[in-house]
Amino acid sequence: MKLFTHILLALLLGICLFKENVLFFAFLMMASIIPDIDIHIPFVAHRGIFHSVTAGFLSSLIFIPFSLSLSLAFLLGYCFHLLADSLTKHGIRPFWPHPYKTNFGFITTGGVSEQVFAYLIFALLVVKVLSIVIA
Ligand SMILES: [Zn+2]
(Lines give C-alpha, C1' and ligand atoms only; values in the text may rest on other atoms or scores of the structure.)
Protein backbone atom coordinates (compact mmCIF):
# COMPACT_ATOMS: atom_id res chain seq x y z
CA MET A 1 0.00 0.00 0.00
CA LYS A 2 0.96 3.62 -0.37
CA LEU A 3 2.42 5.65 2.49
CA PHE A 4 -0.66 7.81 2.88
CA THR A 5 -2.89 4.76 3.35
CA HIS A 6 -0.50 3.35 5.97
CA ILE A 7 -0.49 6.61 7.91
CA LEU A 8 -4.28 6.91 7.79
CA LEU A 9 -4.81 3.33 8.97
CA ALA A 10 -2.26 3.68 11.79
CA LEU A 11 -3.88 6.89 12.96
CA LEU A 12 -7.39 5.41 12.83
CA LEU A 13 -6.44 2.25 14.71
CA GLY A 14 -4.33 4.23 17.17
CA ILE A 15 -7.10 6.69 17.99
CA CYS A 16 -9.66 3.90 18.31
CA LEU A 17 -7.49 1.72 20.56
CA PHE A 18 -5.50 4.16 22.71
CA LYS A 19 -5.84 7.37 24.63
CA GLU A 20 -2.26 8.60 24.50
CA ASN A 21 -0.36 11.81 23.88
CA VAL A 22 0.61 13.41 20.56
CA LEU A 23 4.14 11.96 20.68
CA PHE A 24 2.69 8.43 20.92
CA PHE A 25 0.60 8.98 17.80
CA ALA A 26 3.50 10.64 15.99
CA PHE A 27 5.62 7.55 16.70
CA LEU A 28 2.79 5.28 15.65
CA MET A 29 2.40 7.04 12.30
CA MET A 30 6.15 7.26 11.72
CA ALA A 31 6.59 3.54 12.40
CA SER A 32 3.72 2.74 10.05
CA ILE A 33 5.84 3.81 7.07
CA ILE A 34 9.20 2.37 8.19
CA PRO A 35 8.82 -1.15 6.66
CA ASP A 36 8.77 0.31 3.14
CA ILE A 37 12.32 1.54 3.71
CA ASP A 38 13.31 -1.75 2.04
CA ILE A 39 12.43 -0.19 -1.32
CA HIS A 40 15.47 2.06 -0.95
CA ILE A 41 17.99 -0.52 0.29
CA PRO A 42 19.98 -2.27 -2.44
CA PHE A 43 19.95 -6.08 -2.49
CA VAL A 44 17.08 -6.26 0.02
CA ALA A 45 13.82 -7.71 -1.29
CA HIS A 46 10.73 -5.53 -0.96
CA ARG A 47 8.29 -7.15 1.45
CA GLY A 48 11.01 -9.42 2.77
CA ILE A 49 12.51 -9.21 6.25
CA PHE A 50 11.42 -5.60 6.77
CA HIS A 51 7.80 -6.66 6.35
CA SER A 52 7.89 -9.05 9.28
CA VAL A 53 6.92 -8.94 12.94
CA THR A 54 10.47 -10.08 13.61
CA ALA A 55 11.94 -6.85 12.22
CA GLY A 56 9.25 -4.75 13.91
CA PHE A 57 9.91 -6.31 17.29
CA LEU A 58 13.70 -6.06 17.03
CA SER A 59 13.65 -2.43 15.85
CA SER A 60 11.18 -1.43 18.59
CA LEU A 61 13.72 -2.58 21.20
CA ILE A 62 15.86 0.43 20.25
CA PHE A 63 13.37 2.76 21.94
CA ILE A 64 12.96 0.88 25.23
CA PRO A 65 15.81 2.77 26.99
CA PHE A 66 14.05 6.05 26.15
CA SER A 67 10.40 5.14 26.68
CA LEU A 68 8.44 1.93 26.94
CA SER A 69 5.37 3.75 25.62
CA LEU A 70 7.20 4.96 22.50
CA SER A 71 8.66 1.50 21.96
CA LEU A 72 5.14 0.08 22.07
CA ALA A 73 3.90 2.80 19.71
CA PHE A 74 6.68 1.93 17.28
CA LEU A 75 5.88 -1.79 17.39
CA LEU A 76 2.16 -1.17 16.92
CA GLY A 77 2.70 1.26 14.04
CA TYR A 78 5.02 -1.25 12.43
CA CYS A 79 2.45 -4.03 12.85
CA PHE A 80 -0.32 -1.82 11.45
CA HIS A 81 1.79 -1.50 8.31
CA LEU A 82 2.08 -5.28 8.14
CA LEU A 83 -1.67 -5.62 8.63
CA ALA A 84 -2.37 -3.22 5.77
CA ASP A 85 0.08 -4.93 3.42
CA SER A 86 -1.46 -8.28 4.33
CA LEU A 87 -4.65 -7.01 2.74
CA THR A 88 -2.93 -6.61 -0.62
CA LYS A 89 -2.87 -9.29 -3.30
CA HIS A 90 0.93 -9.41 -3.07
CA GLY A 91 0.87 -10.33 0.63
CA ILE A 92 3.78 -10.47 3.05
CA ARG A 93 5.74 -13.01 5.09
CA PRO A 94 4.86 -11.72 8.57
CA PHE A 95 6.77 -14.36 10.51
CA TRP A 96 10.02 -14.22 8.55
CA PRO A 97 12.17 -16.38 8.40
CA HIS A 98 9.20 -18.76 8.49
CA PRO A 99 7.97 -19.19 4.88
CA TYR A 100 4.26 -18.58 5.64
CA LYS A 101 2.93 -15.90 3.31
CA THR A 102 -0.39 -14.13 3.64
CA ASN A 103 -2.64 -14.84 0.67
CA PHE A 104 -6.03 -13.45 1.63
CA GLY A 105 -5.48 -9.97 0.23
CA PHE A 106 -7.94 -8.31 -2.11
CA ILE A 107 -6.42 -4.85 -2.54
CA THR A 108 -4.16 -3.82 -5.42
CA THR A 109 -1.43 -1.45 -4.25
CA GLY A 110 -1.99 1.93 -5.88
CA GLY A 111 -5.15 0.70 -7.57
CA VAL A 112 -8.79 1.70 -7.30
CA SER A 113 -9.33 -0.81 -4.49
CA GLU A 114 -6.65 0.92 -2.38
CA GLN A 115 -8.19 4.32 -3.11
CA VAL A 116 -11.58 3.08 -1.97
CA PHE A 117 -9.97 1.55 1.11
CA ALA A 118 -8.14 4.82 1.88
CA TYR A 119 -11.32 6.88 1.47
CA LEU A 120 -13.15 4.48 3.79
CA ILE A 121 -10.42 4.79 6.42
CA PHE A 122 -10.43 8.57 6.03
CA ALA A 123 -14.22 8.70 6.48
CA LEU A 124 -14.00 6.54 9.62
CA LEU A 125 -11.18 8.74 10.91
CA VAL A 126 -13.27 11.89 10.41
CA VAL A 127 -16.20 10.29 12.24
CA LYS A 128 -13.94 9.20 15.11
CA VAL A 129 -12.28 12.61 15.44
CA LEU A 130 -15.66 14.35 15.35
CA SER A 131 -16.99 12.01 18.03
CA ILE A 132 -14.00 12.88 20.22
CA VAL A 133 -14.36 16.63 19.62
CA ILE A 134 -18.13 16.67 20.19
CA ALA A 135 -18.01 14.47 23.32
ZN1 LIG B 1 4.90 -2.18 2.86
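The chain contains 5 helices and 0 strands, where helices (H or I, at least four residues) and strands (E, at least two) are DSSP runs numbered from the N terminus. Along the sequence, the pattern is α-α-α-α-α. The model is predicted: local features need pLDDT of at least 70, side-chain atom pairs count only at pLDDT 80 or more, and totals for chains, interfaces and linings use all residues. Residues are numbered from 1 along each chain as its sequence is written.

The radius of gyration of the chain, taken over C-alpha atoms, is 15 Å, close to the 14 Å given for 135 residues by the globule rule, so the chain is as compact as a globular protein of that length. The rule is 2.2 Å times the number of residues to the power 0.38. Along the principal axes, the C-alpha atoms fill a box of roughly 50 × 40 × 25 Å. Of the 135 residues, 32% count as buried (20 or more other C-beta atoms within 10 Å of the residue's own, with C-beta atoms placed from the backbone).

Helix α1 (residues 3-17) packs with helix α2 (residues 22-31) at an angle of about 145°, the axes being 8 Å apart. Axes are lines fitted to C-alpha atoms, for helices over the stretch in contact, and angles run from 0 to 180 degrees between N-to-C directions. I7, A10, L11 and G14 of α1 and F25, L28 and M29 of α2 make the contact (C-beta atoms, placed from the backbone, within 7 Å).

Note on methods: Contact = placed C-beta atoms within 7 Å. Buried ≥ 20, exposed ≤ 12 C-beta atoms within 10 Å, placed from the backbone.
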